[in-house]
Amino acid sequence: MRAKYRGRQVPLPVAVRDRLGELFADAEFAEAFAVTGPRGWSPGRLALVTVVQMAENLTDRQA
């Protein structure tokens, strides 16, 4: 994935994912999500986006 950013600064979420791997396991959030309906982003990914959003002071759209 880092090859995509050759010559540019790697965004913080990509750097965090590359260094730490799966930070939040989906199983930890399973009870918060319904079992029906369309598939969306994994709960672990949503948690990571929320943490990065707060750390970087981003709006929802920017995150």
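I began with Leu46, which I found in helix H2, residues 43–56; helices here are DSSP runs of H or I with at least four residues, numbered from the N terminus. The model is a predicted one, in which local features need pLDDT of at least 70, side-chain atom pairs count only at pLDDT 80 or more, and totals for chains, interfaces and linings use all residues. Residues are numbered from 1 along each chain as its sequence is written, and side-chain values use heavy atoms, with hydrogens and water left out.

I then looked up how open Leu46 is, and noted that Leu46 is partly exposed at a relative accessible area of 33%, where buried means under 20%, exposed over 50%, and partly exposed in between, with a 1.4 Å probe and protein chains only. Together with Phe33 and Trp41, Leu46 forms a nonpolar surface patch of about 310 Å² of accessible area.

Staying in helix H2, I turned to Val52, which is buried at a relative accessible area of 7%. I noted that Val52 and Pro13 stand 39 residues apart in sequence, yet 6.6 Å apart in space from C-alpha to C-alpha.

In the segment after H2 I came to Asn57, which counts as exposed at 69% relative accessibility. The phi of Asn57 is near 55°, a positive value in a residue other than glycine.

Last, I looked up the largest pocket, which holds about 440 Å³ of space. Among the 18 residues that line the largest pocket, those closest to its centre are Pro13, Arg17, Arg45, Leu48 and Val49. Helix H1 (12–20) and H2 each supply at least two residues of this lining, and the largest share, 5 residues, comes from H2. I recorded the lining of the largest pocket as 10 nonpolar, 4 polar and 4 charged residues.

Technical notes. Patches are made of residues with over 30% relative accessible area and no salt bridge: like charges are joined within 9 Å, nonpolar side chains (Val, Leu, Ile, Met, Phe, Trp, Tyr) within 5 Å. Accessible areas come from the Shrake-Rupley method with a 1.4 Å probe; for residues, only the protein chains shown count as cover. A salt bridge is a side-chain nitrogen of Lys or Arg within 4 Å of a carboxyl oxygen of Asp or Glu. On a 1 Å grid over the protein atoms alone, a cavity is a set of points where a 1.4 Å probe fits but cannot get out, and a pocket is an open set with protein on both sides within 12 Å along at least five of seven lines; lining residues have an atom within 4 Å of a point. Grid points are joined across faces, edges and corners, and a volume is the space filled by probe spheres set on the points. Ala, Val, Leu, Ile, Met, Phe, Trp, Tyr, Cys and Pro count as nonpolar, Asp, Glu, Lys and Arg as charged, and the others, Gly among them, as polar.
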